[in-house]
Amino acid sequence: MVSNERRQALYAYDQDLWHQGLRFAGIDEAGRGPLAGPVVAACVVFSPGTQMLDFIDDSKKLSEKRREAVCEEVFRWADFVGVGQVEAEEIDRINILEATKLAMRRAAQGAPAPLFLIDAVAGVGLSGRERPIIHGDAVSYSIAAASIVAKVTRDRQMRALGERFPGYGFARHKGYGTAAHMQAIRELGPCQEHRRSFLKSFAPP
Amino acid sequence: MSSYQEGLTGEGLAADYLVKRGYTVVARRFRSRTGEVDLVARQGNTLYFIEVKYRPRGRLGSGLQAVTPDKRQRLKQAARHYLKGAPSAYFIGCLEITRAGVWFYPDILHEV
């Protein structure tokens, strides 16, 4: 269960910036590690003093159902929400770090903020000042919100891919390299949503 | 307020309007290589890909009019991309906010 103190601490970090008169966006990504599917980034801007939403916390600690509910609240209350996606095939072409940055730029396009708080990635090339924060989704409320939006959006995409490419179990593992997923790739071969550049290390594509 | 900021407020208002009417908002400002869609909402098993037009001083219908046939086709493209080819029932919609209030056109490809 998410502790209330944690949520207070997240909110306090953003509140502090609001009190300094700063307007900023939180940015996070989902899907850097998996063997298949897109990398998805989200960018969220709240108005200073927006009410604190329940259960905003590290996206990995919430149940899938809870994350969906929180995501919808973010869509409802945030001033700006942008989602950027980069497909597996683009990832193979430009590498995962560059793809992550590209997804972040797509997500942040048009965000009304001169400052971007970014989880763990530096030098994204956004239109404003960038502040990379390690474990940012456990530090800033806006990054935590972005992390939930990114994860929920990507998980939905992976469920859709699961319908289109049955047999790999995308809906279950979301493209991550679980034993079952690796076994399925060995048996079925990769599909067009697999990142070839990620498969080289364990099986020839 | 700049027209850009007004656009943002429009999307927030639109999301809130849909939630109050029992839709689930599943995406806001979704961008991939092929296109952009302002809002994606779901009701039951049906998805709505929605262009939001914020025209607080405009007449009823002025937002809808601004969604050109070309834009409709691009929305359709974005929808296909978002769905990743998975079979799903979907509509292209437009939600306009004018001085006449909020108006949601759920299926602008087939009627209007």
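This note comments on the predicted model of chains A and B, point by point.

1. Basis of the model. The model is predicted; local features require pLDDT of at least 70 and side-chain atom pairs count only at pLDDT 80 or more, while totals for chains, interfaces and linings use all residues. Residues are numbered from 1 along each chain as its sequence is written, and chains are lettered from A, with ligands numbered from 1, in the order in which they are written.

2. Chain B as a unit. Chain B contains three helices and five strands; helices (H or I, at least four residues) and strands (E, at least two) are DSSP runs numbered from the N terminus. Their order from the N terminus is α-β-β-β-α-α-β-β. The radius of gyration of chain B, 13 Å, is close to the 13 Å that the globule rule gives for 112 residues, so chain B is as compact as a globular protein of that length. That radius is taken over C-alpha atoms, and the rule is 2.2 Å times the number of residues to the power 0.38. The C-alpha trace of chain B spans about 40 × 30 × 25 Å along its principal axes.

3. The sheet. An open sheet of 10 strands has the order β5(A)-β4(A)-β1(A)-β2(A)-β3(A)-β1(B)-β2(B)-β3(B)-β4(B)-β5(B), with mixed pairing; strands pair if DSSP finds at least two bridges between them. Its edge strands are β5 (129-133) of chain A and β5 (101-105) of chain B, each pairing on one side only. From one strand to the next the twist averages 30°.

4. Pairing within and between chains. In chain B, β1 (residues 24-32) and β2 (residues 35-43) are antiparallel and share seven bridges, and B:Arg31 stands opposite B:Glu36 in β2(B). Between the chains, β3(A) and β1(B) run parallel and are joined by two bridges. A:Val83 stands opposite B:Phe30 in β1(B).

5. Interface. The contact between the chains takes 22 residues from chain A and 21 residues from chain B; residues are in contact if their C-beta atoms, placed from the backbone, lie within 7 Å. On the side of chain A that touches chain B, α2 (64-77), β3 and α5 of chain A each supply at least two residues. Helix α5(A) gives the most to that side, with seven residues. The residues of this side of chain A divide into seven nonpolar, six polar and nine charged. Here Ala, Val, Leu, Ile, Met, Phe, Trp, Tyr, Cys and Pro count as nonpolar, Asp, Glu, Lys and Arg as charged, and the others, Gly among them, as polar.

6. Core. The largest nonpolar core has 84 residues, of which A:Ile27, A:Val44, A:Val74, A:Val149 and B:Val40 touch the most other members. Helix α5 (residues 141-164) of chain A gives the most to this core, with 12 residues. Such a core is a set of buried Ala, Val, Leu, Ile, Met, Phe, Trp, Tyr and Cys residues joined through C-beta atoms within 7 Å. A residue is buried if 20 or more other C-beta atoms lie within 10 Å of its own, C-beta atoms being placed from the backbone. Neighbours within four places in sequence aside, the contacts of A:Val74 include A:Val44, A:Leu53 and A:Val149.

Key:
Buried ≥ 20, exposed ≤ 12 C-beta atoms within 10 Å, placed from the backbone. Contact = placed C-beta atoms within 7 Å. Axes fitted to C-alpha atoms, helices over the stretch in contact; angles between N-to-C directions.
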